[in-house]
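Dear colleague,

Please find below the structure for your review. My findings follow directly after it.

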Amino acid sequence: MDQGELLVSRHGGLARIRLNRPRALNSLTLEMVRGFTQALAAAAIDPDVVAVLVTGEGDRGLCAGGDIRALYELRDGDRNPYRIFWREEYELNARIASFAKPYVVLMDGLVMGGGVGVSAHGNCRVVTERTRLAMPETGIGFIPDVGGSWLLARAAGAGVYMALSGVAATGADAIAAGLADVAIDSQHIPALIERLEAVEAPEDVHAALQDLRRSPAAGELAAHKEMLDRAMTGRSVEEILSRLAAEHPAFARQAVQEIETKSPTSLKVTYALLGEAAKPGASLESCLTREYRAACRLLEGPDLYEGIRAAIIDRDKSPKWRPSTLAEVSEASVARILAGDGAPDPDFSRRA
């Protein structure tokens, strides 16, 4: 890896981690994940580090997720590198969730997929008026991973809708869904960074965030909360679509159209993962394990590569899913995907 793809530095008591692939919207590579993990582990045990700040370089966003173009290039070869990537990425997500010091992440601009994984598990999550947060994986024949099933299952109807449709949430909706904590104006980002670089104690971090926070107007998902909470409690994806179709707002019709364009297999596997994540006794670790099993099994199917082809290779936005309808996706096929590919489960225990 070009060491410039992940920039790690110290500014007094602040450890900074900057994702530095702006032309690729800071998409993560395995080497970036490893560097991030090392930097976070070092910050955790360094008594002079008060807080960590995570940002994305460029003006488009924090992170667009993993480098799926590289995955497409492996479609006819050895796909094991992505099993390794997911294992280490999910280990990083668990480490972030258990990080005891203030973990400030600027979720400015686009935050998608793996970008959600390095942000929404943190404890000081900052959005702006430019934030657009999404887990768009069902649109490429995949699943909301990086602990996405754990996060979105706790966000009521809006979370289920985001998981199935892949729609982007505003910063306000991200806060309402429990995926972020504080909103600031993007013009105040330099001032926030300047204050964080001068922190001497954790309370300095929280004071800076409180001083700059604003109260954003409610987002579209919050405006339709009651309807989404009603519709998304359906016992299957088909029932959810039926409930949405029975609603009157134009938003409901648009929601049906959004979901119906996604991979039928991904939709059913995603809904099953959300169901498991919502059960009593579920944990982030158990959700990461189930996501890992499903991800590895989806490497063997057609939809993931077809979805990437349609989205970023040929860009025709017309994937040919196999199977092409929800009715053709059997419970047995979903169960096989959830069971994984037979490889031993990784250990996603949280690491301080």
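Strand β2 (residues 14-19) runs parallel to strand β3 (residues 51-56), and 6 bridges join the two; strands are DSSP runs of E with at least two residues, helices runs of H or I with at least four, both numbered from the N terminus. Strands count as paired if DSSP finds at least two bridges between them. Opposite leucine 14 stands alanine 51 of β3. Between β2 and β3 the chain passes through helix α1 (residues 30-45), in a right-handed β-α-β crossover (with the strands pointing away from the viewer, the path from the first strand over the helix to the second runs clockwise).

This is a predicted model: local features need pLDDT of at least 70 and side-chain atom pairs pLDDT 80 or more, while totals for chains, interfaces and linings use all residues. Residues are numbered from 1 along each chain as its sequence is written, and side-chain values use heavy atoms, without hydrogens and water.

β2 also pairs with strand β1 (residues 6-11), antiparallel and over 6 bridges; arginine 10 has alanine 15 as its bridge partner. The two strands form a hairpin with 2 residues between them, where glycine 12 has a positive phi of about 65°. Of the 6 residues of β2, 5 are buried (under 20% relative accessible area; exposed is over 50%, partly exposed in between; 1.4 Å probe, protein chains only).

In helix α13 (residues 250-260), the buried residues are Phe251, Ala252, Ala255, Val256 and Ile259. They fall within an arc of 145° seen down the axis, so they line one face of the helix. The face turned away from them carries the exposed Gln257 and Glu260.

Kind regards

Note on methods:
Arc of directions from axis to C-beta.
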